[in-house]
Amino acid sequence: MTAVPLAPIVLTNLNTPWEQVLHLGRPVRFRPRQLIAFSHDDENSGFYYVRKGRIRLSYVSVRGQEKVLFYVGKGTLFHDIPVLVESDYIFTCMEPTFAVYFRKKLISAVFAREYPEIMLNWVESTAHKSRNLFMQLCGSGLFDCFTNVCRALCSMVLHNNEQGRVIPQLTRQELAALLGIHRCSLHKSLARLYDEGIIGGYSRKELVVHDVERLQGYAQI
């Protein structure tokens, strides 16, 4: 079976070309755990560019069950899909976040006419987000809990590596919610990897991996 490729869990720097139009937006600040509402009024609706911080995208069913889809970080747009297609997404600020707000009317009035390069970037970033959701769907259907935990850790090694140090950016509770598993199941998977000497520890600020090759083997990549 061909392995499903890995995608970043926290999407960062997908939309850096938008830096050139930040002066056309309005700076905003969000506090931790703040829900970011979306207005369906075309005159007031808009989207955001994250300059610093982290936003969680999730969906809540009519029964109140929440499914975490992915996270966006610095250099990335969010609320950009609901501004075009009405959606039931929920955006939650996970830490102090600084962003720039763009009104929807700027898309046709300014961006599409004067900045075609950022519109192309928008299409590309939307494709990345769709790919991320597709891989998450494939992972939940093809692999068991332990394998998906290993795949998430491998993704962090590939995409969250800063000068040789892996920084997950997610707490254990956040990672469990993203994978759709109980926190105890995540703890058991991490404990197994620790006991086998594959990892040396996991926290939001650091993942220590002693044996990347064996981790990749368990992740089926």
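This report describes the sheets, helices and nonpolar core of a predicted model.

## Basis of the description

The model is predicted, and local features need pLDDT of at least 70, side-chain atom pairs count only at pLDDT 80 or more, and totals for chains, interfaces and linings use all residues. Residues are numbered from 1 along each chain as its sequence is written, and side-chain values use heavy atoms, with hydrogens and water left out.

Helices (H or I, at least four residues) and strands (E, at least two) are DSSP runs, numbered from the N terminus.

## The five-stranded sheet

An open sheet is formed by 5 strands in the order β1-β6-β5-β8-β3, with mixed pairing. Two strands pair if DSSP finds at least two bridges between them. The edges are held by β1 (10–11) and β3 (35–36), each with a single partner strand, so one side of each has no neighbour in the sheet.

β1 and β6 (residues 66–72) run parallel and are joined by 2 bridges. L11 has V72 of β6 as its bridge partner. Helix α2 (residues 116–142) lies across β1 and β6, at about 135° to β6; axes are lines fitted to C-alpha atoms, for helices over the stretch in contact, and angles run from 0 to 180 degrees between N-to-C directions.

## The four-stranded sheet

A second open sheet is described here: 4 strands in the order β2-β9-β4-β7, with antiparallel pairing. β2 and β7 stand at its edges with a single partner strand each, so one side of each is left without a neighbour in the sheet.

Strand β9 (residues 97–103) is mostly covered, with 5 of its 7 residues buried. Buried means under 20% relative accessible area, exposed over 50%, and partly exposed in between (1.4 Å probe, protein chains only). β9 pairs with β2 (residues 26–30) in the antiparallel sense over 5 bridges, and with β4 (residues 46–52) in the antiparallel sense over 6 bridges. Y101 of β9 stands opposite R26 and is also the bridge partner of Y48. F47 has F102 of β9 as its bridge partner. Helix α1 lies across β4 and β9, running at about 100° to β9.

## Helix α2

α2 has 27 residues and reaches 39 Å from its first C-alpha to its last, close to the 39 Å expected at 1.5 Å a residue. The expected span is 1.5 Å times one less than the number of residues in the helix. Its buried residues are I118, M119, N121, W122, S125, K129, N132, M135, C138 and G139. Their cover includes β1, β6, β7 (77–78), α1 (106–114) and α3.

N132 belongs to α2 and is buried, with a relative accessible area of 7%. Not counting residues up to four places away in sequence, N132 touches A7, P8, L11, L69 and F70. Contact means heavy atoms within 4.5 Å.

## The largest nonpolar core

The largest nonpolar core has 29 residues, and those with the most contacts inside it are I9, L153, M156 and L170. Such a core is a set of buried Ala, Val, Leu, Ile, Met, Phe, Trp, Tyr and Cys residues joined through side-chain atoms within 4.5 Å. At least two core residues come from each of β6, α3 (145–159), α4 (172–179), α5 (183–195) and β12 (199–202). α3 supplies the largest share, 8 residues.

Leaving aside neighbours within four places in sequence, L170 is in contact with I9, V10, R54, Y71, M156, L175, L178, Y202, S203 and R204.

α5 has 13 residues and reaches 18 Å from its first C-alpha to its last, close to the 18 Å expected at 1.5 Å a residue. L186, S189, L190 and L193 are its buried residues. Seen down the helix axis, they fall within an arc of 95°, so they line one face of α5; the arc is that of the directions from the helix axis to the C-beta atoms. K188 and D195 are exposed on the other side of α5. The cover over its buried residues includes α3, α4, β12 and α6 (212–218). Just after α5, G197 takes a positive phi of about 75°.

I181 lies in the loop between α4 and α5. Leaving aside neighbours within four places in sequence, I181 is in contact with C145, V149, A176 and L186. I181 and T171 are 10 residues apart in sequence and 14 Å apart in space, C-alpha to C-alpha.
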